[in-house]
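Thanks, everyone. Let me put the model on the screen and walk you through a few places in it.

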Amino acid sequence: MNTHSIVSALGLVLAFTQTIHSAELTPYQQMGREIYRELIETDTSHSKGDTTKAAELLARRFRQAGFPAEDLQILGPDATNRNLIVRYRGTGGKQPIVLLAHLDVVEAKAEDWTLDPFKLTEKDGFFYGRGTSDDKDGATTLTSALLRLRQEKFQPDCDLILALTSGEEGGDVYNGVEWLLEHHRELLNGRICLNADAGGVQKRHGKRLLYAVQAAEKVYQSYRLEVKGPGGHSSKPTKENPIYRLSEGLIRLSKYEFPLSLSEITRGYFQKMSEIETGETAANMRGLLKQPPDEQAVKSLSESPYYNAILRTTAVATMLEAGHAENALPQTARAIVNARLLPGQSADEILQVLKTVIADDKISITAIKPAKPSPPSPLTPEVMHAIEQAKEKLWPGLPVVPLMETGATDGLSFRQLGIPTYGITGTAEDLDDIRMHGKDERMGVQDFYNGLEFEYQLIKTIASPNSR
């Protein structure tokens, strides 16, 4: 057989294999995969994307499923930055539940990726594409669950409000949740919020470790550091150089470690994890939980960036700007320090810590924007029991663990209003291969299909306990 024939034969085998694989999917999985593809292949990044287009694609599906026009709202501050709100009517026996995910994604440059970031590619057991894990998987699984429940003529005890938002990832756009809560608060009148942008199964080396319920998140706050100087000709340098002065202050900050602080949620996390982990890691977690904590255990755990971020507030330099000409002494040097505060800490408190650590009155330090506090949500039986029941149908015996998110999500806007909010994504995160916001973002194929089923089971359970 010649080379051309071999290639052709291999192509036929590959096509046949893909056909068989597709045929093995259930109608629900096929629908979910097609929605996922549509969303991934709709660019919703800030520079040139359009969340309105993605919202309209999904609204069309809800219209085709029989949702009344008055229960579908596409709203936003400008033409390419709109949000989708869908209300699934229930009996009204209880107050509504908000189902939250975001449609926008961070930037992705095609030249930086191995594959096209705005094309859903299935390869070697993974789905590749920008948003596959943050957060178009969440938007897909929530959308698919409501469409499936509608097809089954399921009637929940309460209204289900799907909010698929824009602007969560930042950029020069108005955050979608903030805009909606400011201008259309009546559309999001939930008693609780289930956020598909956090939580979920955590894996390591392909093994599922736990199902995380995000019940708290750290508070985002950036500070501007600035040093001024007279400048001058670079051929006659002076001892006072804003770049050097600012650098020395940043070095002092880099050596500082905020004190350990455990909450009910993070203490519960490490308690559960000490039963899941093995060896030295498990021993260190048990040592952390002692009164007082074992210093060596705290030191060892703090070497992990992830555990360190759970244990304490962090502050790190992320941007630098200095000088105005190659042949001139700098007149200004600036840096941005991004802090992630533990719930309950204030931006002013951390500002005073920064001033003490940097220890230089000539380096001004100011908060860039007001912080948005995010109080922890209580681990109520209603929510935890529903999660446990849904989880058991897919991953029997997998521990359910409370979690504090080290980053920030749109859930904080609901917590600020006193609405308990929980991160409950159905898909999985590999702790050793986290690619969200990065190159070749991906999601395990089976993890995606598991996510479809989990969100369906969870929503059905929590929205109508009698259906269990």
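Helices (H or I, at least four residues) and strands (E, at least two) are DSSP runs here, numbered from the N terminus. By that count, Leu320 lies in strand 12.

A word on the source. This is a predicted model, where local features need pLDDT of at least 70 and side-chain atom pairs count only at pLDDT 80 or more, while totals for chains, interfaces and linings use all residues. Residues are numbered from 1 along each chain as its sequence is written, and side-chain values use heavy atoms, with hydrogens and water left out.

Back to Leu320. Is Leu320 buried or exposed? Buried means under 20% relative accessible area, exposed over 50%, partly exposed in between, with a 1.4 Å probe and protein chains only. Leu320 has 66% relative accessibility, so it counts as exposed. What does Leu320 touch? Contact means heavy atoms within 4.5 Å. Leaving out residues up to four places away in sequence, Leu320 touches Leu246, Leu250, Arg334 and Ala335. Take Ala335: it is 15 residues from Leu320 along the chain, and their C-alpha atoms are separated by 4.4 Å.

Now the sheet. Two strands pair if DSSP finds at least two bridges between them. Four strands form an open, antiparallel sheet in the order 12-14-10-15. At the edges sit strand 12 (314–322) and strand 15 (364–367), each pairing on one side only. Direction ignored, neighbouring strands are turned by 25° against each other on average. Axes are lines fitted to C-alpha atoms, for helices over the stretch in contact, and angles run from 0 to 180 degrees between N-to-C directions.

Look inside the sheet. Strand 10 (residues 219–228) and strand 14 (residues 332–341) pair in the antiparallel sense over 10 bridges. Ser222 stands opposite Asn338 in strand 14.

Which helices cover these strands? Helix 6 (residues 242–254) lies across strands 10, 12 and 14, at about 20° to strand 14. Helix 11 (residues 347–358) lies across strands 10, 12, 14 and 15, and runs at about 40° to strand 10.

Next, a helix pair. The axes of helix 2 (residues 27–40) and helix 14 (residues 445–463) come within 10 Å and cross at roughly 110°. That makes helix 2 roughly perpendicular to helix 14; angles under 35 degrees count as roughly parallel, over 145 as roughly antiparallel, 65 to 115 as roughly perpendicular and the rest as oblique. From helix 2, the contact uses Tyr28, Gln29, Gly32, Arg33 and Tyr36. Helix 14 supplies Phe448, Tyr449, Leu452, Glu453 and Tyr456.

On to helix 8 (residues 279–288). Its buried residues are Ala282, Asn284, Met285, Gly287 and Leu288. They pack against helix 7 (264–276), helix 9 (295–302) and helix 10 (305–311).

Then Ile85, in strand 2 (residues 83–88). Ile85 is buried, because its relative accessible area is 3%. Beyond neighbours within four places in sequence, its contacts include Asp71, Ile161, Leu180 and Leu188. Ile85 and Leu164 are 79 residues apart in sequence, yet 6.5 Å apart in space, C-alpha to C-alpha.

Last, cysteines. Cys158 counts as buried because its relative accessibility is 0%. Cys193 is buried too, with a relative accessible area of 0%.
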